[in-house]
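Here is a short tour for someone meeting this protein for the first time. Keep the sequence and the 3D view side by side while reading.

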Amino acid sequence: MTPDIQRPLPDRNPISAPFWERADQRVLALPWCKKCDQTHFPPSPRCPYCLHDAFEWRPVSGRATLVSWVVFHRAYWDGVAAELPYNVCQVELEEGPRLISNLVGAAKEAPRHGMALKVTFTDRYPDITLPVFDAA
Ligand SMILES: [Zn+2]
């Protein structure tokens, strides 16, 4: 994969590929450990709870709460200049793990700490579908 110097985008590597393949199908999924049945994010080669190395990817509800966010008013990469101001948020999924993402729609217009969110997906970029969050 050629690095995009215009805008940083997630890297598809062997560990994260199952996440991005499902996102391309507009499915938010997490890895569940086949030994202790706990989930975590980001994907890792070993379960952070029991160190087992086999996972089952399961779709999740897509429901989350807003933990934190920041609004950027300066383009640190040329590729985001047209999107200013843009936000970066941290959400806590109903299943527990937290994701870094972007707010869209009503959540982007009026974010509130702890607000209920739902996942949606953006096809804004040609090579990757990103899960983003809107008000539930
Ligand atoms: Zn485990």
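Predicted model: local features only at pLDDT ≥ 70, side-chain atom pairs only at ≥ 80, totals over all residues.

The largest nonpolar core has 15 residues. Ala64, Val91, Leu117 and Phe133 have the most contacts inside this core. Strand 3, strand 4, strand 6 and strand 7 each give two or more residues to the core. Strand 4 gives the most, with three residues.

Leaving aside neighbours within four places in sequence, Ala64 is in contact with Val91, Glu92, Leu93, Glu94, Leu117, Val119 and Phe133.

Five of them form an open sheet, in the order 5-4-3-6-7, with antiparallel pairing. Strand 5 (98-101) and strand 7 (128-135) are the edge strands, and each pairs on one side only. On average, neighbouring strands of this sheet are turned by 30 degrees against each other, direction ignored.

| Strands paired | Bridges | Sense |
|---|---|---|
| strand 3 and strand 4 | eight | antiparallel |
| strand 3 and strand 6 | three | antiparallel |
| strand 6 and strand 7 | seven | antiparallel |

Val71 has Asn87 in strand 4 as its bridge partner. Thr65 has Ala116 in strand 6 as its bridge partner. Phe121 stands opposite Pro131 in strand 7. Strand 6 and strand 7 are also joined by a hairpin, through two residues.

Helix 1 (residues 17-24) lies across strand 6 (116-125) and strand 7. The helix runs at about 70 degrees to strand 7.

**Two domains**

The protein is divided into domain 1 (12-59) and domain 2 (61-136). Their C-alpha centres lie 21 Å apart. Nine residues of domain 1 are in contact with 12 residues of domain 2. Which element gives the most to the side of domain 1 that touches domain 2? Helix 1 does, with three residues. By class, that side of domain 1 has five nonpolar, two polar and two charged residues.

**Loops and backbone details**

Most residues other than glycine have a negative phi, and most peptide bonds are trans.

Start with the peptide bonds. The bond from Phe41 to Pro42 is cis, with omega near 5 degrees. Pro42 lies in the loop between strand 1 (29-33) and strand 2 (55-59). Another cis peptide bond joins Leu84 and Pro85, where omega is about -15 degrees. Pro85 is found in the loop between strand 3 and strand 4.

Next comes phi. Arg26 has a positive phi, near 65 degrees. Arg26 is found in the loop between helix 1 and strand 1. Arg26 counts as partly exposed because it has 13 C-beta neighbours inside 10 Å. Asp37 also has a positive phi, near 60 degrees. Asp37 lies in the loop between strand 1 and strand 2. Is Asp37 buried or exposed? Asp37 counts as exposed, because 11 C-beta neighbours lie inside 10 Å.

Finally, look at Tyr76, in the loop between strand 3 and strand 4. Why does Tyr76 count as exposed? Tyr76 has 10 other C-beta atoms within 10 Å, and a residue is exposed if that count is 12 or fewer. Tyr76 and Trp20 are 56 residues apart along the chain, and their C-alpha atoms are separated by 25 Å.

Methods:
Residues numbered from 1 in each chain as written. Pairing = 2+ DSSP bridges. Helix = DSSP H or I, 4+ residues; strand = E, 2+ residues; numbered from the N terminus. Axes fitted to C-alpha atoms, helices over the stretch in contact; angles between N-to-C directions. Contact = placed C-beta atoms within 7 Å. Buried ≥ 20, exposed ≤ 12 C-beta atoms within 10 Å, placed from the backbone. Domains from an automatic or database assignment. Nonpolar A, V, L, I, M, F, W, Y, C, P; charged D, E, K, R; others polar. Core = buried A, V, L, I, M, F, W, Y, C linked by C-beta atoms within 7 Å.
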